[in-house]
Amino acid sequence: MKHSRRIHRYLIIVLIPVLLACLLTIAACGSTDSDSSTAAESLIDEQFTAYLDALFCEEISASALSLHYTLKDPEEYGITAYNTDLGIYSAQSIEVSAALAESVRVALNEFDTASLGTENRLTRDILLDSLETTIAAASFPCYEEPLRPSTGVQSELPILLAEYNFEDKQDVNDYLAILSGIPAYFESICDYEREKYDCGLFMADFTAETVIAQCEDFAASAENNYLVYTFEEKITDISGLTANEQAAFCQQNQAIVIQQVLPAFQEIADTLRKLSSATPSQDSGTEVSTTSTDTASRDSRIASSSESDINKIYGLCALPKGREYYALLVRRATGSSDGIGTLQERVESRRTVDLLEISSLLAKHPSLDVEALSAEAPCETPEEMLDLLENAILADFPSVDGCDYTVKYVDASMEEYLSPAFYLTSPLDDYTQNSIYINSGNGYEEIRLFTTLAHEGYPGHLYQNAYFCSTNPSPIRTLLGPSGYFEGWATYVELFSYRYAGLSDETAEVLALEQSAILSLYATADLGIHADGWTFTDTLDFFSEYGFSDEDTIREIFELIVSEPAHYLKYYIGYLEFTDLKEYAKEIGSTGYSDLSFHRAVLTMGPAPFSILENYLPDYLNIVSGEQ
């Protein structure tokens, strides 16, 4: 059971020392006495803006791949030089990033906050929060995992490469340079995985098996690899290239893919296989005794499970400092400032409320269960659904003009490993062109496809990204923001979208409540597995309490949660945070509240931790009310 996702760029802020010296000098000019004039404050605000722009340009120039997906025309931002390699992944690079982040934090604190405008103060607070989590990550140098079944490098990089657009010959040369850098980058990941293994922090064997299968499937696709035929399709669109030049580029690309890229994927598979078959690492987690009194029932449910792993703790809490790391991961992923215990209580409380409301609705309308099960989408094709949503949302969400999108389908070779659907983020300076991918292998249809497209398209990821870019934010904001904002918003509007499907109000409400309750189960399981040490047996027991007892399904959920800690939390905790923000907006807005103004305010503020959004919400509600 995988959820749709937005492939977006969340980069650690890293600066070279030379730039830091320059920026620290600029920041030092920010000090001002209490009697500073308005003109002086304006100057400081301008200096801070210049600081942010320099920070953005230096960071984004470090990677041609990130640059390409962030800006269509880098020269318009003064960027003419950039690195085409993919860098090195290592525990040491995490520590270096933390040290540089500390230097940037010092520079930020040199500015007089009172002299900054609302937008710059907001950006400063968001950037400081990002730097703090980067610094905190240095305490866990080998805990990060780049190879995750659903959102890892090996699953997302091929999509980013396949979607790499060619505007001119330089784009082609940059692309081929990036492609040639994959072996060195993957080699560094292999070294890092060996280091994780030596530290006793290597992934679970079932995680390794999934990643190995992904890499081997991709490595075996030499005859019909989509990095070959998508390249050949794209290069024909470049004006000014002769037929001979096109043929030469295609030959070069095919050689790099077959001789360098595919072996690099195989190298990851071989490395993981050697490590997972050596001695048990995380798979030798703590074994716990069963406590259920219904032993016979439990044994029947888990008959097909391996007796060696059903009572082992695979969660992060089994590792040294694992609970502390998980708390950091949850904060970084969700954008929530609440502790683990508080989050557990919030999730359980909301689930109880949702289930009670469902029961109440069914009691008043006995036919609702049949109506909900037979709910149909208002139209057939994805394009028709997106067109309907684009127009239907205008009563509740602000308009954004000029957006276009293309619906694409995941290549068959990747269907098994990718989400049901995902949105590929458009560049800041070309936000009107967008791509939504649908994974036909997941079998989504009818109302489920409709709400998934609301999640990915309107008023979800595509719409949120386009609206925020249309407000002309500071460019550095495109590199910031917790996943909980993006996925929380998309989940919030996904549930909101049932009302656009032509269903009765009661049917739309009960379907949204059911989806919220199901997501809450995944969130509780995530917290239980990684914070409380739930075993597979514990997880099976928990889901069985709510009527879900199919062992294969629960095993899939369990293994995904083990492999991708906090994955479900960014959806559900983010959703809860948006609903809490909405209630807060109603409190402070009194009779002047409307969904339209609330949505406009949170979209204009853009991606940020939720405590920061709450602090700035009154200001932005006032700002957007003046714009209406």
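**Overall make-up**

The chain of the predicted model contains 25 helices and four strands, and 56% of its 628 residues count as buried. Among contacts in the chain with a separation of 6 or more, 81% are made by residues 24 or more positions apart.

Helix H10 spans residues 226-235, and because seven of its 10 residues are buried, the helix is largely enclosed by the rest of the structure. The buried residues are Tyr226, Leu227, Val228, Thr230, Phe231, Lys234 and Ile235, and what covers them includes helix H6 (153-162), helix H7 (169-180), helix H9 (205-219) and helix H11 (243-276). At the start of H10, the backbone nitrogen of Leu227 has a side-chain oxygen of Asn225 within 2.8 Å.

**The second largest pocket**

H10 also contributes five residues to the lining of the second largest pocket, which is the largest share of that lining. The space in this pocket comes to about 1,100 Å³, and its lining consists of 43 residues, with His68, Glu163, Tyr164, Asn165 and Phe166 lying nearest the centre. At least two lining residues each come from helix H3 (64-70), H6, H7, H10, strand S2 (404-409) and strand S4 (433-438), so that H6 and H7, which are among the elements covering the buried residues of H10, also take part in the lining of the second largest pocket. By residue class, the lining is made up of 18 nonpolar, 11 polar and 14 charged residues.

**Cysteines and a buried threonine**

A search of the whole structure for disulfides finds zero. Cys469 is accordingly in no disulfide, and the nearest cysteine sulfur, which belongs to Cys403, is 9.0 Å away, whereas a disulfide would need the two sulfur atoms to be within 2.5 Å. Cys469 is buried, with a relative accessible area of 7%, and Cys379 is buried as well, with a value of 17%.

Thr491, which lies in helix H19 (residues 483-496), is also buried, its relative accessible area being 2%. Leaving aside residues up to four places away in sequence, Thr491 touches His455, Leu519, Tyr571 and Tyr575.

**Backbone features in loops**

The peptide bond from Tyr458 to Pro459 is cis, with omega near 0°, and Pro459 is placed in the loop between helix H17 (446-456) and helix H18 (461-470). Two residues other than glycine have a positive phi: for Lys321 the angle is about 60°, and for Asn472 it is near 55°. Lys321 is found in the loop between helix H12 (295-301) and helix H13 (322-334), while Asn472 is placed in the loop between H18 and H19. With regard to accessibility, Lys321 counts as partly exposed at 42%, and Asn472 counts as exposed at 64%.

The relative accessible areas of the individual residues discussed above are collected here.

| Residue | Relative accessible area | Class |
|---|---|---|
| Thr491 | 2% | buried |
| Cys469 | 7% | buried |
| Cys379 | 17% | buried |
| Lys321 | 42% | partly exposed |
| Asn472 | 64% | exposed |

Key: Residues numbered from 1 in each chain as written. Predicted model: local features only at pLDDT ≥ 70, side-chain atom pairs only at ≥ 80, totals over all residues. Heavy atoms only, no water. Buried < 20%, exposed > 50% of the residue type's maximum accessible area, 1.4 Å probe, protein only. Contact = heavy atoms within 4.5 Å. Polar contact = N/O pair within 3.5 Å; in protein donor to acceptor, adjacent residues only side chain to side chain. 1 Å grid on protein atoms, 1.4 Å probe; cavity = no way out; pocket = protein on both sides within 12 Å on 5 of 7 lines; lining within 4 Å. Points joined across faces, edges and corners; volume = space filled by probe spheres on them. Nonpolar A, V, L, I, M, F, W, Y, C, P; charged D, E, K, R; others polar.
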